[in-house]
Amino acid sequence: MRRKLIAGNWKMNGNLAANAVLLTGIRSGIGEAHCDVAVCVPAPYLAQCRDALAGSPARWGAQDLSVHESGAFTGEVSAGMLLDFGSRYVIVGHSERRSYHGESDETVAAKAARAVSAGLIPIVCVGETLQQREQGQTESTVTRQLDTVLATLEPEQLTRIVVAYEPVWAIGTGKTATPEMAQQVHALLRMLLKERSVAAAEVVPVLYGGSMKPDNAAELLAMPDIDGGLIGGASLKATDFLAIIRAC
Ligand code: PEP
């Protein structure tokens, strides 16, 4: 049985004072969440998250990591450093990393492998651009993106990941995939997992991301292969984030 996961992606937002309000709001409003909850925050705020969320049902993590273990890689943050601050999750392959930082499928796969080997759970993002969707390339795009990751992981590592389907045209735009559109891609992603590992297909949560909000979360989360959400904008306001957790 897969447990649903609602994960916030703060992106490059926040400061100590605003984070304190947001984290306190999440902590006090989360109650006995019936799904897993996490916030993925800028690395400098991991210690603040640990201090604010320790002992609550919510977990925390980062938005990227280095493919390297340590060494002369100025500006990079290693898996070990994220673990030092109690991180459980790390996002890899977000479309903003793929497009603004030129991350290839192979780089994303190497990051996912580094995360799993270190004991972190990578949230592996895949998704098509508007142009790819219009040209009928949605399935081939997400298949290539996910398969590259799955082929890089050891068989026993396949159950230790989270997948997030994030259509690029829906991220931060207010446009959401319809539940049926999303379900179609989620079912494909589930099948790709199953081709590699029946166990992984059963336990790996496949999240939807792309303008998920309190008013559309319930219908998306009702689909059989949508196991939660990766939430950008709506994770920056405690009331909205908590409303999505409740919809779960
Ligand atoms: C994201 O960036 O992962 C995301 C889903 O953003 P938003 O919810 O703002 O579309």
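By class, how many nonpolar, polar and charged residues does the lining of the largest pocket have? The legends below take that up, view by view. This is a predicted model, where local features need pLDDT of at least 70, side-chain atom pairs count only at pLDDT 80 or more, and totals for chains, interfaces and linings use all residues. Residues are numbered from 1 along each chain as its sequence is written, and side-chain values use heavy atoms, with hydrogens and water left out.

**View 1. The largest pocket.** It has a volume of about 530 Å³. Of its 21 lining residues, Met-12, Gln-63, Asp-64, Arg-97 and His-101 are the closest to the centre. The lining comes to 10 nonpolar, 6 polar and 5 charged residues (Ala, Val, Leu, Ile, Met, Phe, Trp, Tyr, Cys and Pro are nonpolar; Asp, Glu, Lys and Arg are charged; the others, Gly among them, are polar). Helix 4, residues 95-100, gives the most to this lining, with 3 residues. A pocket here is an open set of points on a 1 Å grid over the protein atoms alone, with protein on both sides within 12 Å along at least five of seven lines; a cavity is a set where a 1.4 Å probe fits but cannot get out, and lining residues have an atom within 4 Å of a point.

**View 2. Around the ligand.** The ligand has 14 residues around it, the closest being Lys-11, His-94, Glu-166, Gly-172 and Ser-211 (a heavy atom within 4 Å counts). A polar side-chain atom of Lys-11 sits 2.6 Å from a ligand oxygen atom, and a backbone N or O atom of Gly-172 is 2.7 Å from a ligand oxygen atom. For Gly-233, a polar backbone atom lies 2.8 Å from an oxygen atom of the ligand. On its own the ligand has 290 Å² of accessible area, and the protein covers 97% of that (Shrake-Rupley method, 1.4 Å probe).

**View 3. Two loop residues with positive phi.** Lys-11, in the loop between strand 1 (5-9) and helix 1 (16-29), has a positive phi of about 55° without being a glycine. Ser-211 is no glycine either, and its phi is also positive, at about 55°; this residue lies in the loop between strand 7 (206-209) and helix 10 (214-221). Helices (H or I, at least four residues) and strands (E, at least two) are DSSP runs, numbered from the N terminus.

**View 4. The largest cavity.** About 30 Å³ of space lies inside. Among the residues lining this cavity are His-94, Arg-98, Cys-125 and Glu-166.

Technical notes: Grid points are joined across faces, edges and corners, and a volume is the space filled by probe spheres set on the points. A polar contact is a pair of N or O atoms within 3.5 Å; within protein, one must be able to donate a hydrogen and the other to accept it, and residues adjacent in sequence count only if both atoms are side-chain atoms.
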